[in-house]
Amino acid sequence: MIGTGVLSGTAIGPDGRSVQRWLVEQGLALDWPLYSHGAYAGQQAKAEAAKLGLWAGTFQAPWVWRLAHADNRPLSNQPLGLINRHQVAQSGYSCEPRRTCSQISSCDEASWYLANCSWGRKLDRDKDGIACESQC
């Protein structure tokens with residue numbers, strides 16, 4: 001996340017360009033409007049349109065996620081949709097630490113692990129496409 005007040009001063013690369021601006025242009029950081037007042041909004045819009053970096057998938061901005069979880073409310077059931085499925089999921093499920101059917105509380109949760117975690121196929125012991133059949 002990039003905001004003009006987040007870092008002390010502006011980091012300048014060897015070519016004289018703003019490192020923060022470059023990171024947002026490449027889709028490797030987000031313009032955090034609370035602090036930047038939209039200073040990098042144009043670069044972010046271009047990165048998003050080109051599906052660069054973070055924009056290759058879908059995600060929830062960290063400040064939105066934090067706001068939604070400030071009072072320990074449950075997460076949304078929408079999948080994160082990232083290419084790298086090892087990342088923490090917006091759905092409220094994470095590929096860690098649960099790895100057995102006895103640790104899973106619902107069919108929806110088991111199905112999510114099957115579809116989104118590298119180890120999820122272990123939950124489908126009979127290989128019929130249904131994880132943790134005792135839950136479903």
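Which polar atom lies 2.7 Å from the backbone nitrogen of Gly129? That polar atom belongs to the side chain of Asp124, and the views below lead up to this pair. The model is predicted: local features need pLDDT of at least 70, side-chain atom pairs count only at pLDDT 80 or more, and totals for chains, interfaces and linings use all residues. Residues are numbered from 1 along each chain as its sequence is written, and side-chain values use heavy atoms, with hydrogens and water left out.

**View 1. The protein has five helices and zero strands.** Helices (H or I, at least four residues) and strands (E, at least two) are DSSP runs, numbered from the N terminus. Of the 136 residues, 29% count as buried; buried means under 20% relative accessible area, exposed over 50%, and partly exposed in between (1.4 Å probe, protein chains only). Contact means heavy atoms within 4.5 Å. Among contacts with a separation of 6 or more, 36% are between residues 24 or more positions apart.

**View 2. A disulfide joins Cys101 to Cys132.** A disulfide is a pair of cysteine sulfur atoms within 2.5 Å, and here the S to S distance is 2.1 Å. By this rule the count comes to one disulfide. The pair links distant parts of the chain, 31 residues apart: Cys101 is in the loop between helix H4 (62-68) and helix H5 (107-116), and Cys132 is in the segment after H5. The link of Cys101 and Cys132 is left-handed, with -90 degrees about the S-S bond. Cys101 counts as partly exposed at 21% relative accessibility, whereas Cys132 counts as buried at 2%.

**View 3. Helix H5 has buried residues on one side.** Look for Glu109, Ala110, Trp112, Tyr113 and Asn116, which are buried in H5. They cover an arc of only 160 degrees around the axis, so they sit on the same side of H5. The arc is that of the directions from the helix axis to the C-beta atoms.

**View 4. Glu25 and Arg17 meet in a salt bridge.** A salt bridge is a side-chain nitrogen of Lys or Arg within 4 Å of a carboxyl oxygen of Asp or Glu. In this pair the N to O distance is 2.5 Å, and by this rule the count comes to one salt bridge. Glu25 is partly exposed at 23% relative accessibility, and Arg17 is partly exposed too, at 34%. Tyr40 lies in the loop between H2 and helix H3 (41-49) and counts as buried at 5% relative accessibility.

**View 5. Asp124 is buried yet has no salt bridge.** Asp124 is in the segment after H5. Lys and Arg count as positive and Asp and Glu as negative; His and the chain ends are not counted. The nearest side chain of opposite charge to Asp124 is Lys127, 6.8 Å away. Here is the pair from the opening: a polar atom of the Asp124 side chain lies 2.7 Å from the backbone nitrogen of Gly129. Leaving aside neighbours within four places in sequence, Asp124 is in contact with Leu114, Gly129, Ile130 and Ala131.

Definitions and conventions: Polar contact = N/O pair within 3.5 Å; in protein donor to acceptor, adjacent residues only side chain to side chain.
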